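Dear colleague,

I am passing on a structure that will be new to you, and below it you will find my notes on what turned up. Please read them with the model open beside you.

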Amino acid sequence: MPSIMSDLNLQEIHDFLIAVAKKAGEMITTARPTTVAAGEKKNSADLVTETDQAVEKMVSTTLKEKYPDFAFMGEETYKPGDRLTAAPTFIVDPIDGTTNFVHGYPYVSISLGLAVEHKPTVGVVFNPFTQTLYSAIKGRGAFLNHTTPLPLRDPEPLRQLDSAVVCVEWGSERTGNDYKVKSETFRKLCASKEDGGAMVHGLRSFGSAALNLCGVASGALDLYWEGGCWAWDVCAGWVILTEAGGLIVDGNPGNWEQSVDGRRYLAVRKGEGQKAMVEEFWGWIQGKMEVGI
Ligand code: LIP
């Protein structure tokens with residue numbers, strides 16, 4: 001029996017997603033960010049704008065018209081309890097980096113992914129402010145602006161964390177166990193060896209999970225550790241990262257097979273020594289995140 005995958009024209013889907021991302025980009029760059037009432041959002045740092053909602057509406061309508069049989073999961077229309085199924089599913093974040101969008105910090109992306117049988121299969125991440133496009137199809141490589149293969153430079157072996165740049169995000173959850181695990185881990189990663197730390201070269205945050213994953217795919221960031229974001233933040237970037245030779249595993253120690261909706265992630269760039277780097281990083285995590293369990 002043929003698999004669902006062999007019936008899909010992934011190149012056509014990829015090209016269509018790029019066209020949709022460009023259209024969304026025009027909406028984003030010409031909009032004035034207007035935040036909307038908190039609604040389902042958890043606190044004053046969990047922002048949503050009218051543009052997030054309008055872009056998701058445009059994206060879901062356009063995709064439904066062209067691919068009426070595919071499922072859709074989007075940040076702005078997700079309802080607690082919605083589950084990713086094996087069906088081809090578009091997984092969409094209309095604006096990844098909403099806080100940046102509101103503040104005029106130009107690291108904002110549209111993240112359009114397709115998962116098939118739960119596996120991230122096509123990914124398009126587009127920053128309309130810098131006109132930077134990352135895209136990938138499973139098994140066919142990852143590219144910057146259509147033609148430049150990722151990573152952007154020959155990957156050096158991954159040595160130890162004391163020579164790494166690590167990407168992290170505070171996220172909008174500012175209390176509880178996971179906030180403690182994150183903040184204590186950040187402190188340990190940065191601290192000098194005399195103070196019992198890993199002494200990484202530095203911590204970075206783009207404020208968009210999708211762009212963070214593309215940063216690791218590009219080879220400029222060595223790792224990205226996150227807990228609390230969602231499938232729509234990572235699905236598209238996941239394909240780009242793995243097609244660029246990167247590895248993505250659980251953000252809690254021990255699980256090498258994380259699912260796209262697992263909500264805790266550790267991504268490592270292409271390079272010899274990936275697995276040792278994952279194990280070293282897991283050893284610095286101060287506790288266990290509860291999100292996704
Ligand atoms: C945001 C992310 C960010 C993450 C936040 C949030 P939004 O997405 O991409 O990196 O740390 O928790 O999910 O809300 O801008 O789409």
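Over the ring of which residue does the charged end of Lys66 sit? It is Phe16, with the charged end of Lys66 5.3 Å from the ring centre; a charge is said to sit over a ring if NZ of Lys or CZ of Arg is within 6 Å of the ring centre and within 35 degrees of the ring normal.

Before going further, please note that this is a predicted model, in which local features need pLDDT of at least 70 and side-chain atom pairs count only at pLDDT 80 or more, while totals for chains, interfaces and linings use all residues. Residues are numbered from 1 along each chain as its sequence is written, and side-chain values use heavy atoms, with hydrogens and water left out.

The sheet

Seven strands make up an open sheet with mixed pairing, in the order β1-β2-β3-β4-β5-β6-β7. Helices (H or I, at least four residues) and strands (E, at least two) are DSSP runs, numbered from the N terminus, and two strands pair if DSSP finds at least two bridges between them. The edges are taken by β1 (71-74) and β7 (148-149), each of which has a single partner strand, so one side of each is left without a neighbour in the sheet.

Strand β2 (residues 89-96) runs antiparallel to β3, to which six bridges join it, and Phe90 stands opposite Leu114 in β3. Strand β3 (residues 109-116) is in turn joined by seven bridges to β4, again antiparallel, with Val116 having Lys119 in β4 as its bridge partner. The hairpin of β3 and β4 has two residues between the strands, and in it Glu117 takes a positive phi near 50°.

Strand β4 (residues 119-127) is mostly covered, since eight of its nine residues are buried, where buried means under 20% relative accessible area, exposed over 50%, and partly exposed in between (1.4 Å probe, protein chains only). On to strand β5 (residues 132-137), six bridges connect β4 in an antiparallel arrangement, and Asn127 has Thr132 in β5 as its bridge partner. Four residues lie between β4 and β5 in their hairpin, where Gln131 in the turn has a positive phi of about 55°.

Tyr134 is found in strand β5, and Tyr134 counts as buried because its relative accessibility is 13%. Leaving aside neighbours within four places in sequence, the residues in contact with Tyr134 (heavy atoms within 4.5 Å) include Gly123, Phe143, Leu211 and Ile240.

Aromatic pairs

Rings of Phe, Tyr and Trp (its six-membered ring) pair if their centres lie within 6.5 Å, and planes under 30 degrees apart count as stacked, over 60 as edge-to-face and the rest as tilted. By this rule the count comes to 15 aromatic pairs. One of them, Trp230 with Trp232, is stacked, at 5.1 Å centre to centre and 10° between the planes; Trp230 is partly exposed at 27% relative accessible area, whereas Trp232 is buried at 3%.

Trp256 and Trp282 form an edge-to-face pair, 4.9 Å centre to centre with 65° between the planes. This pair links distant parts of the chain, 26 residues apart, with Trp256 in the loop between β11 (247-249) and β12 (264-268) and Trp282 in helix α7 (residues 274-284). Trp256 also has Lys275 over its face, at 5.6 Å from the ring centre. Elsewhere, ring pairs link Trp170, Tyr179, Phe186, Trp225 and Phe281 into a cluster.

Charged residues

The whole structure holds five salt bridges, a salt bridge being a side-chain nitrogen of Lys or Arg within 4 Å of a carboxyl oxygen of Asp or Glu. Among them is the one between Lys182 and Glu226, with the closest N and O atoms 3.7 Å apart.

Asp178, which lies in helix α4 (residues 176-190), is buried yet has no salt bridge, and Lys182, the nearest side chain of opposite charge, is 7.4 Å away.

With best wishes

How values were computed. Lys, Arg positive; Asp, Glu negative; His and termini not counted.
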